[in-house]
Amino acid sequence: MNLFPNDIESNLGFDEIRGLLEGFCQSRRGETLASKCSPTSKVNLVSKWHAQTKEMLRMVVEDRPNVHFQFPDIDEYLTKVKVPGSWLDPLDFHELKIGIDSLSSWTTFFQKKEESYPELSSLSTVVHIDPKLTLAIHGAINEKGEVRDSASVELSEIRTQITKSERSVRSAIMKVLKRAKTEQFTDEDSTLTVRDGRLVIPLKAEFKKRIPGFVHDESATGQTVFIEPGEVLDLNNEVRELKYAERREVIRILAALSDRVRENLEELKKGTGLLEKLDFIYAKTKLAEHLNAIVPDFENGTAFRWINAIHPLLFLSYKETGKKVVPLNISLDHTQRILIISGPNAGGKSVALKTVGLIQYMFQCGLPVPVGEESKLGSFQNLFLDIGDAQSIEDDLSTYSSHLTAMKYFLKFSDKKTLFLIDEFGKGTEPQFGGAIAESVLSEINDKKSLGIVTTHYQNLKNMGEKLPGIVNGAMKYNLEALEPMFELEVGKPGSSFAFEIAGKIGLPRNIIHSAKEKIGSSHVDYDQLLNQLDKEKSKFEKLARKMETDKADLIKVRRDYEDLRTMLEVERKRILKEAKQEANQILELANKDVERVIREIQENKASKEKTKKLRKKLDEKKKHLKGEIEDAGSKQQTTSYKFQVGDLVRMVGQDTDGVVRKVKGKQIEVVFGALKSIVSVDNLERIKPNQKQQRHQRKVKKLGIDISSKMATFKHELSLRGMRAEEALGKIESFIDEAILLGVEEVKIVHGKGYGVLREIVRNYTKDHPGIESVGDEHADRGGDGISIVKFK
C-alpha cells in the first residue's frame, strides 16, 4: 500500500493504537506481530484478517470455557533443548507445559468446530501435537514446577529414604542439643540450624571441645561455633549421598523428557507460530472491547458509508472525563468523490478529517473500528495525508513548501483507488495565491477520480463544491444562538467561518467589526449573512419536519388503534346480540311451555271461574317476570358503581386480554393492552382482581413505598436498543428488566435489530441466567423474528 507521508502513523495517531494493541498481547512474539502490523491494499488479505477477528469475537462469547486463552512464549525453551544431550529444568518444563496445554486445547477445539470457525481453524491445520508428550510432562512435573515423586519408581524410593534419614538425623541431633542446653554449653533458646547443607547446633566457643564433632562455622564475634556432632556425621553423610542420587535421577528424568520434546520439535515450532497468531488476534478482540469497536461490513471497492464513526483516541480521552463524542456520519462514492468541509475554527473540521484517516488506516490493518453496525467500508491502494499542524510564523515559508511538495506527490500518484486528506488546503501563503493554486490542484485531482476530504476557509474552494461534478460541500454545524460549535457534519452546503459573530461574542469593539465589514466589501458580508440565514431557516424547517413526522406517526398509530378498537367492538356487539337472541328464544320457549301447561290444567280439571282467574293471574305474573328477563338479555352492558383508578387491572367485557388503566377522564378510560393504547367507555370495562402471585408482588412493592399505580401507568412493554453501543445498551437492559420485575409484568419485548447480532448477544447473555426470567425467545418471523427478543418472567 502506498502511503504519504512517511510519518503518517504519528500524524494520524496510529502509533498510540499500536501501543494499545501491543499491550493487549500476552507473548513477546504476539507483541512483535502487533509492532509489525501495517495496512495492505490486498482485498482478500484484509477480508481474511477481519474474518479471523470476527470469529474470535464470537468465540469469546460462545465458546470461552472450551479453550485456553493463554499464549506463553515457548520458543526460548525449544531453542534451549535443541542441542542433543541438553535438558530443561523443572521450571522450564512447567512453562512449556502451559504452552503445550494451550496448543492442545486450540487444536482439539478447531478439529471439533472447523465448520463454525473456518478461518481460525485453517491456522491450526499444520500443527499436530503428540498427546503422549503432554501426558509425560504432566506425569513428571507438578503445578509448582517441581519433579513429582511419582515421576519414576527410583525417585520415589530415594525420596522416601531421604525423608527417613533426615528424620533420624534430626532425632539424634535434637538429643545432643538437649544435653548441651542441660549442661549450659549453649543458650536456652538455641535451635538447630544449617551450614553447608548439614544440620548443626550452636555452642559457646569455650565448650566446643566438650561435644565431639566437626566445626562448620563460627559467629562474627567468635563467641559461638556451629558443630555437627560426631553422632550424626555418618547419618548426614548418608543423607547427602541420597540427595546426590536424587539429583542424578531427576536429571535422568528431565533428560528423557527433553528427548521427547526434541522428537516433537518441528511440530512445537509450528505451534509457536499458531500461538503468536492467536495471541495477536485475541489482542484485537480486547482492543475492540476497549474502543467499543466492531468488525464492519467490507465492500470490494473504494466507496464507503460510515454511520456513527468515532475517533478512537478522542473516545478514550472523553471516556475518562465522562464526555460523549459526537459521532461522524459520512459517505463518498464515484459520484460524490470529494468533500470540502468548511466552518469556524475549533468546529471539528480537522477532527473529522483525522477520524476518516485513522479509521481507514486501522481497517486496512485488519483492526476492528469504532463505527455503527450499518456502516460499509471500502479499500484503497493509496492513502495520502497533508495535515498542516506547523503554524509557526518563522516557518511559514518552509510549511508552505512542504504543502506544495505534498501536492506534487498527490498529483503524480493519485488515481481512482486513492484516498487523500488535506487539512486547511492552500494556507501558508497569501490567500489569493494559495487559494488559486489549491483550486487548480483540486480540479486536477478530481479529474483523476480520486476520493478525498479537504478542509478550508477559502471561498473559491467552496464555490467548486457548487459547480464541479464529483465535488460536494459540507459544513460543521454551529449553534448561532449560543455561538458554539456542535461538532456535527452536515453535507450539502458550505459553512461560514462566523468570524464577525465570534469577534462580537469575544467583545471586540463594534466600530472595529463595522470597519472590518466595510473593508471586506458588502458582497462577502452579504454572502456570509445569507449562509447564516439559510442555516437558521434550515434548522427551523428541520424541526418542523421532525415534528410533522412525529405527529404523522402518532396519527397513524391512533388511527390504527381506533380501527382495531372499532373492529373489536363490532365483533363484540354482534356476539352480544347473538347471545341475547338465543337467550330470548330460550325464554320464549319456556313461556310457551308455561302457557300450554296452564291451558292443559284448565281443560283437564274443567276449572271453575275462580280457579281460572287464579291460573290467569299466575300466568300474568310469570309474563312480567319473563319480560324482565328478556330485557336483561337484550342489554348486556353492565353498570357498576365502581370508580376505576389509575393502575387498575381491567379487561373489556367478554374479552380475555388484560390491560392497565393509565388515565381516567369521566366515563372515558385510557387503557394500555400490552403495547396498544386505547380509549374505552367505562360501560365496556370490567375490573379484574390480581391473581395470588400479583397480589403478593404488589404487597411487597407497597412495603417498599413505591407507587406501583403511577409506575404501571407509564411503563412501556417494549425497549428499543437500535443504534446504541454496547455499554449504553447494557445499562438500558438492566433498568428495563429491573422495572418490569418490580411491576410484576409477565412479558416484555426488546428490539435489538439483526445486524451482526452483537446487541442480540448482549440481551441473551444478560437474561439467560437472570433469576427473575423464565425464558427468552425470538419474536414471530412475521413480526421481526430474531431482531426482537421476547422475555417472559417467572
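Good morning. I begin with K323, which lies over the face of Y318, at 5.3 Å from the ring centre. A charge counts as over a ring here if NZ of Lys or CZ of Arg is within 6 Å of the ring centre and within 35 degrees of the ring normal. R195 is placed over the face of F226, at 4.2 Å from the ring centre.

A word on the source. This is a predicted model, in which local features need pLDDT of at least 70 and side-chain atom pairs count only at pLDDT 80 or more, while totals for chains, interfaces and linings use all residues. Residues are numbered from 1 along each chain as its sequence is written, and side-chain values use heavy atoms, with hydrogens and water left out.

I turn to the aromatic rings. Rings of Phe, Tyr and Trp (its six-membered ring) pair if their centres lie within 6.5 Å, and by this rule there are 17 aromatic pairs. Ring pairs join F69, F71, W106, F109, F110, Y117 and Y282 in a cluster.

Next, helix α16, residues 459-467. Helices are DSSP runs of H or I with at least four residues, strands are runs of E with at least two, and both are numbered from the N terminus. Which residues of α16 are buried? They are L461, K462, M464 and G465, where buried means under 20% relative accessible area with a 1.4 Å probe, protein chains only. These residues are on the same side of α16, because they cover an arc of only 145° around the axis; the arc is taken from the directions from the helix axis to the C-beta atoms. They pack against β9 (338-342), α15 (431-447) and β14 (471-479), contact being heavy atoms within 4.5 Å.

Two further buried residues deserve a comment. T134, in helix α8 (residues 131-140), has a relative accessible area of 13% and is therefore buried. Leaving aside residues up to four places away in sequence, T134 touches I100, D101, S104 and I129.

S165 belongs to helix α9 (residues 153-182) and is buried, with a relative accessible area of 5%. S165 and R240 are 75 residues apart in sequence, and 9.8 Å separates them in space, C-alpha to C-alpha.

That concludes my presentation. Thank you.

Notes:
Buried < 20%, exposed > 50% of the residue type's maximum accessible area, 1.4 Å probe, protein only. Phe/Tyr/Trp six-rings, centres within 6.5 Å; stacked < 30°, edge-to-face > 60°.
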